[in-house]
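Biologist: Could you walk me through this one? I'd like to ask a few things as we look.

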Amino acid sequence: MQTSLGKKTMIHILLAVLSAINILPIVWMVVSSFKSEADFATNPLGLPKTWNFSNYTSAWKVAHLGTYFWNSVLVTAASILLTVLLGALASYFLSRFEFRMRGWLYGLFIIGMTIPIHATLVPIFIVMKKIGLLNTHLSLVLPYTAFHLSITIFILAGFMRGFPKDVEESAIMDGAGLYRIFWSIILPMTRPALATVIIINFIYNWNEFLFALVLINKAALKTLPLGLANFAGTETRFQTLQMAALTMALVPLVGFYLAMEKQLIQGMTAGAVKG
């Protein structure tokens, strides 16, 4: 009993240390975003002498974050919508129906998870240039969707396989069609797994830099990571404004995760307790 308690205590201590390692830099960034430049230079690790909220309004205007935020929201939302919709439909047929080549088709999607995404950057650039999609939002939406279908199908198909056949058989007896079963029964039951894939896709799409750097050159179409990189490169004097801009870029990630946290935990614990 004491050995088990000691192991739990050590695990909790280790988790606390790892959490502190990850949280403290974020806390330092947020606190620094409220300092003046002189205060930051003389006391980089302490609390601000005066909490300077004007850094946020200045950073928003100087860095043109409004445009970059909108572009990131548009690209991220469109990519997630397409990925989840296509991934859920494909997962439904791969997990609930028997047909020839089903195993091969599923294996093809899984192989896609092993392909390094950025190794395809040059071919994608050439394709986008030939079809005239360079410097458009679609040049980011399409690759983001394609490369995340594999992990989306892997998670959703595995989750859907656990559903009992009785649910669908009862719906068929009540006269429900194929797509009615999918939209009204299967998809709501898959919400915990959907939350997982939505969070995964959101984090990657929101933070992705290299594809956006290569495929987007117009300033009006650049996403938030590109805007922050340009701002940090041109305004190196204003450290506190950079901290404020980074904090504003972090807020949607944290808020989105907190909004989906309940469903994410349900997805992680599904099957841990037998009903």
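Biologist: Which residues do ring pairs link into a cluster together with Trp-60?

Modeller: Keep in mind that this is a predicted model. Ring pairs tie Trp-60 into a cluster with Phe-69, Phe-202, Trp-206 and Phe-256.

Biologist: Is the pair of Trp-60 and Phe-69 stacked or edge-to-face?

Modeller: Their ring centres are 5.4 Å apart, and the planes meet at 25°. Planes under 30 degrees apart count as stacked. So this pair is stacked.

Biologist: What about Phe-159 and Phe-163: stacked or edge-to-face?

Modeller: Both Phe-159 and Phe-163 are buried. Their rings sit 5.7 Å centre to centre, with 90° between the planes. Over 60 degrees counts as edge-to-face, so the pair is edge-to-face.

Biologist: Why do the buried residues of α9 line one face of the helix?

Modeller: The buried ones are Ile-181, Phe-182, Ile-186 and Leu-187. In an α-helix, residues three or four places apart point the same way, because there are 3.6 residues a turn. Seen down the axis of α9, the buried residues fall within an arc of 140°.

Biologist: Which elements do those buried residues pack against?

Modeller: Helix α9 covers residues 178-189. Its buried residues pack against α4, α7, α8 and α10.

Methods. Residues are numbered from 1 along each chain as its sequence is written. This is a predicted model: local features need pLDDT of at least 70, side-chain atom pairs count only at pLDDT 80 or more; totals for chains, interfaces and linings use all residues. Side-chain values use heavy atoms; hydrogens and water are left out. Helices (H or I, at least four residues) and strands (E, at least two) are DSSP runs, numbered from the N terminus. The expected span of a helix is 1.5 Å times one less than its number of residues. Buried means under 20% relative accessible area, exposed over 50%, partly exposed in between (1.4 Å probe, protein chains only). The arc is that of the directions from the helix axis to the C-beta atoms. Contact means heavy atoms within 4.5 Å. Rings of Phe, Tyr and Trp (its six-membered ring) pair if their centres lie within 6.5 Å; planes under 30 degrees apart count as stacked, over 60 as edge-to-face and the rest as tilted.
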